[in-house]
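Hi everyone, thanks for making time for this.

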Number of protein chains: 2
Amino acid sequence: MSLHARQHAKVHSKQMMVLLLGVILWFFPVPSGLESFITKLPPSELPFDSQMAWHLFAVFITAIMAVILNAMPIFTSSILAVSVLILTGTLSARQAFSGFSEDWILLIIVAFLIASSVIKSGLGKRIAFLIIRRFGKTSLGLSYSVIAADMLIAPAFPSNTARSGVLFPIVNALAADSGSKVADGTRKKLGAYLMMSSMAGLSISSAMWLTAMAANPAGAKMAKEFGVDITYISWATAASVPVLVLYLLLPWVIMKVYPPEVKQTPDAPQIAQKALDTMGPVHRNEWIMAAVFIGMVTLWIASSFYPFINKTAVAFLGLGILMLANIFTINDLTHEGQALATLVWFAILYAISVYLNLFGFMGWIGENAAHMVEGFSWPLAYVVLILSYVLIHYFFVSQTAQMLALFTVFLNVAIQAGVPAELMAFMLLFATNFNAMITPQGSSSNVIYLGSGYIEAGEVYRVGGIITLVNTVIFLTLGTAWILLVS
Amino acid sequence: MSLHARQHAKVHSKQMMVLLLGVILWFFPVPSGLESFITKLPPSELPFDSQMAWHLFAVFITAIMAVILNAMPIFTSSILAVSVLILTGTLSARQAFSGFSEDWILLIIVAFLIASSVIKSGLGKRIAFLIIRRFGKTSLGLSYSVIAADMLIAPAFPSNTARSGVLFPIVNALAADSGSKVADGTRKKLGAYLMMSSMAGLSISSAMWLTAMAANPAGAKMAKEFGVDITYISWATAASVPVLVLYLLLPWVIMKVYPPEVKQTPDAPQIAQKALDTMGPVHRNEWIMAAVFIGMVTLWIASSFYPFINKTAVAFLGLGILMLANIFTINDLTHEGQALATLVWFAILYAISVYLNLFGFMGWIGENAAHMVEGFSWPLAYVVLILSYVLIHYFFVSQTAQMLALFTVFLNVAIQAGVPAELMAFMLLFATNFNAMITPQGSSSNVIYLGSGYIEAGEVYRVGGIITLVNTVIFLTLGTAWILLVS
């Protein structure tokens, strides 16, 4: 048997395994107790029962396992999952496709197209060369500088989707202009490492500031009902030590577990300088691109104060202007099939996650986690609950959705087990952010990086898993000690 | 000034004109009477007023005019329109993006990907060569054979989207294998002509059978309330003569107004025979493709009897199987940006059209059309009403939506003006189909053909306008005489 045929046979046997797993899960008896959580049904939804909730779970887990085992790409796995769910009547077509019209998912797609424009206009190249000239002697240096930029702009971006929409084009240009491209098979030279670093950076920059992620202020408000008063200052103080330690740690950890092929680039700064000289003064397209980009960023920041400024509408407006200026053309659009692929798989997995929650499945899991810690000492209960909360993110396609579904349940259980309320509230809110990389779909910012093709979904399960582990350990040890000290 | 610069200046002046038109329309006083039609508000929608209905109309017309005047592509025009609508508060983001989760719109997108698979598998090439061998001596012969195939399969396809999903890959392969491709600038050699012919064919094949379009049976049911009994046989009888005459006429008309660069290809059958010899026996990928395709078509047909079989889910299932079989790959997907472009502009225009209707704008137009014919003799009233119904399709992005919104209004007015009820009912139902080509977005089947790149949106306004005129004249003269004779 040839190598090619053997690889094929291996993939096929994996696909058979996944199919078998799916069939077994599907016909598995529905766990008792699940039916009592079916309470969140809004009147506009069709009726469902605990059998359907279980089937939804079975299909979701099978789809995720297919990706983890590398049996098929996440796109294939998602479209097969959605067709099974609809044709078996587990979800209606309306429910299954509801994610496609979510404006924040569409924002991810537009962010792709704008990132392409940043590169095409030449502005991406220029910014990338400026960064390389300053920090480009090592891959590690570039990684630190990208995450530092993220940390600094984070307080002004209450949407990590929008923030990754700012960072991604720069990282993308950094990779491409260092000679690491997806199209010619050199993604691992530098690009994959930088993208993974920036994703990891987002998982901690979002935890750093009260306004760095959409769910943070909502969580702070919910904590108030438990007597925990979280301010901008108290949040930043509590987060500061673990986040700074992780900032120093993560680029180095990723260098170990997911190294770039090129680590030392001593000549890069000079090459960048030469390239900048060749580019000459800033061109018309770069000026327009910069103006549109600054305009968009200004409106995105303003949108947190004026909710009528819809972020996706702003992005469409920016893209429209770039198209009128011929910086991005209809012809460029034909090469953006990856954006379509991302829209499809992410919208499908998001809808499944929403209905797992609506069908009561998440409430049931939360309740079981609560039962687990009965009779534990508070430190043990604390650790078990936080670990459970982190691991449950395997099933969630939105950090905000997990926070809304489980924050109160977990906080309540912990307080009853004797965990200090402020500690638990902070740690749950931080975990909502630092668990972002546990799956490719765990955060909408991941999705933007994956869409570039530099990183494969299977790699996120491995490297993202390690980063989530590091995040969790640092927050549970150093972070816990620090919060107890300052609170 | 260079030619290039002059072209740019021309486009820019057109864009300025469109912008000016938009501003004038926006600040135009709201027509009196519009507010009394704001009655269709479902409780889940946000409040709106006649000012918003007018603004929606102003933006929609401006976007359409931008395309007609060739000031910008339909994609650019749509994304600018949607951002203006959201940022001015005319539509909420939820309303404006609601089209993205419509399953039949997603079906169009999946149909694209499956069409690519048909070509890639080699099956498209084989079917195309078989057709060329038999009918390929002239472009006209190919055009007639494509429309004949459409007519014959139409009774089994109550969705013209699904039917164009079957026809499009074959027409696409016919074009590509005759050496007419978008990528190398030879779209006008043959492909554009064949695509336009097939679109025109769909506008009459849908009118031929009670089951050839989704809205037909619904319309027949609504006609019953006016005492008009429409059966499968009476429909086919009434449609037969005008449709057959148009079948003979349309390929010839398109040959005159939108001619292919190559008309005579006397050697084509022999070339096709040689190519078939070179291809040899049917390959593994062609067998799988054929099996998946037949399976999908069977399920699509079955879906009209078993509504739980969702057509889009079937398409996703088929695509998933093709991907597992490596006939369509993730890498192929990256070149399908055109499908994303289509999804975006069509979903946006569809949502605008839905809300023009919900905001009462369509009812207002229908009522005005009714006022127009007061005091007319019945033949004059009949002609004026049918012409209005056809022209109003400029504003509708769904044939079904127009039928549901206006069929009853127009039928009622006509009966009061003395038009025979059966004649009017038939003619409105036929017009719902034969007006399909009046705009690029006038039918979801158009959208599939346009997405190929063989035909440009501006061309549809011109050629589709002529075809709609021919359809209307034949139906109003010969068709009317025939219906009066047989009814």
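Let me begin with a question: how many residue pairs are in polar contact across the interface of chain A and chain B? The rule finds three, with both residues of each pair at pLDDT 80 or more. On the chain A side, the residues that touch chain B come from a whole set of helices: helix 1 (3-27), helix 3 (74-87), helix 4 (93-96), helix 5 (103-121), helix 14 (311-324), helix 15 (330-333) and helix 16 (337-358) each supply at least two. Helix 14 of chain A gives the most, with ten residues. Sorted by class, that side of chain A has 30 nonpolar, 15 polar and four charged residues.

Please keep in mind that this is a predicted model. The predictor gives the complex an ipTM of 0.84 and a pTM of 0.85. Chain A averages a pLDDT of 89, and 97% of its residues score at least 70. Among the elements of chain A, helix 20 (residues 421-434) has the highest mean pLDDT, 97, while helix 17 (residues 361-372) has the lowest, 79.

Chain A contributes 49 residues and chain B contributes 49 residues. Together they bury about 4,000 Å², and 78% of that is on carbon and sulfur atoms. Which residues of chain A lose the most area to chain B? They are A:Leu87, A:Phe316 and A:Leu340, together accounting for 16% of what that side buries.

Now for the charges. Across the interface of chain A and chain B the rule finds two salt bridges. B:Arg94 forms a salt bridge with A:Glu102, with the closest N and O atoms 3.9 Å apart. Over all chains, the count by this rule comes to 18 salt bridges. One of them sits within chain B, where B:Glu286 pairs with B:Arg126 and the closest N and O atoms are 2.5 Å apart. That pair links distant parts of the chain: B:Glu286 is in helix 13 (residues 284-302) of chain B and B:Arg126 is in helix 6 (residues 123-135) of chain B, 160 residues apart.

On to the rings. The structure holds 48 aromatic pairs over all chains. Take A:Trp235 and A:Phe430, an edge-to-face pair at 5.5 Å centre to centre, with 85° between the planes. This pair also links distant parts of its chain, since A:Trp235 belongs to helix 11 (residues 232-257) of chain A and A:Phe430 to helix 20 of chain A, 195 residues apart.

One last stop: A:Val384, in helix 18 (residues 378-392) of chain A. Leaving aside residues up to four places away in sequence, what does A:Val384 touch? The answer is A:Met372, A:Val373 and A:Phe376. As for A:Phe361, 23 residues away along the chain, its C-alpha atom is separated from that of A:Val384 by 20 Å.

How values were computed: Residues numbered from 1 in each chain as written. Chains lettered and ligands numbered in written order. Predicted model: local features only at pLDDT ≥ 70, side-chain atom pairs only at ≥ 80, totals over all residues. Heavy atoms only, no water. Contact = heavy atoms within 4.5 Å. Buried area = accessible area lost by both parts, 1.4 Å probe. Salt bridge = Lys/Arg side-chain N within 4 Å of Asp/Glu carboxyl O. Polar contact = N/O pair within 3.5 Å; in protein donor to acceptor, adjacent residues only side chain to side chain. Helix = DSSP H or I, 4+ residues; strand = E, 2+ residues; numbered from the N terminus. Nonpolar A, V, L, I, M, F, W, Y, C, P; charged D, E, K, R; others polar. pLDDT = per-residue confidence, 0-100. Phe/Tyr/Trp six-rings, centres within 6.5 Å; stacked < 30°, edge-to-face > 60°.
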